[in-house]
Amino acid sequence: MKLYYDLDFENPQDNEVMQECLQEFKSVNLKRAKTVRRLDNLKKEKAKDTFENAHFNMEIYQYAYKEYLQRKFNNKNKKKKDPRPQFQEPKKSLFDRLINLRNGAECSIQIAIVIGVFLAFWYLNKINFFDRFKA
């Protein structure tokens, strides 16, 4: 897989691996940008296939990790440089947070109705309302 990433289509004169490839494939024109883009995409695809087939080495993992960290760092810098204000959600009250805590407002309303029914039965039992109906 390191072989794929050693291929440099921008400067083939400086690379020994590219010199060998160009001697074998003389019909490839590396002066066209479209050809270079296609070969670069093919290079990345082949390296990815090799990586997914578990025929990889530690160097490509380090390369991917460095590239990931670099992109992450660039994204953080872009966010810091962005002068537009970011949208911030308004602060919610305690009641709103309790209602939407776990299952949404519908579940909270149903729970409140069930608690209300239990409280009603508890109150009716406390004032001996059901004793009137005993035979």
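Okay, aromatic pairs: a search of the whole structure turns up two of them. Keep in mind as we go that this is a predicted model.

Let's take the pairs one at a time. Phe121 and Phe130 make a stacked pair, with 6.1 Å from centre to centre and 20° between the planes. Why does that one get called stacked? Because planes under 30 degrees apart count as stacked, and here the angle is 20°.

Now the other pair. Phe129 and Phe130 sit edge-to-face, with their centres 5.6 Å apart and their planes at 75°. For that label, the planes have to be over 60 degrees apart.

Phe121 has 48% relative accessibility, so it counts as partly exposed. Phe130 comes in at 34%, and that makes it partly exposed too. And Phe129, at 26% relative accessibility, is also partly exposed. The reason is that the partly exposed class runs between the buried cut-off, under 20%, and the exposed one, over 50%.

Read from the N terminus, the order is simply α-α-α-α-α-α.

What about burial across the chain? Of the 135 residues, buried ones make up 10%. As for surface, the chain exposes about 12700 Å², and 56% of that comes from carbon and sulfur atoms.

Then there's the question of who touches whom along the sequence. Take the contacts between residues at least 6 apart in sequence: 45% of them join residues that are at least 24 apart.

Where is it? Look in helix 3, which covers residues 33–52. Thr35 has a relative accessible area of 18%, so it counts as buried; the cut-off for that is under 20%. And which residues does Thr35 touch, if we leave out anything up to four places away in sequence? Those are Val28 and Asn29.

Key:
Residues are numbered from 1 along each chain as its sequence is written. This is a predicted model: local features need pLDDT of at least 70, side-chain atom pairs count only at pLDDT 80 or more; totals for chains, interfaces and linings use all residues. Side-chain values use heavy atoms; hydrogens and water are left out. Rings of Phe, Tyr and Trp (its six-membered ring) pair if their centres lie within 6.5 Å; planes under 30 degrees apart count as stacked, over 60 as edge-to-face and the rest as tilted. Buried means under 20% relative accessible area, exposed over 50%, partly exposed in between (1.4 Å probe, protein chains only). Helices (H or I, at least four residues) and strands (E, at least two) are DSSP runs, numbered from the N terminus. Contact means heavy atoms within 4.5 Å. Accessible areas come from the Shrake-Rupley method with a 1.4 Å probe; for residues, only the protein chains shown count as cover.
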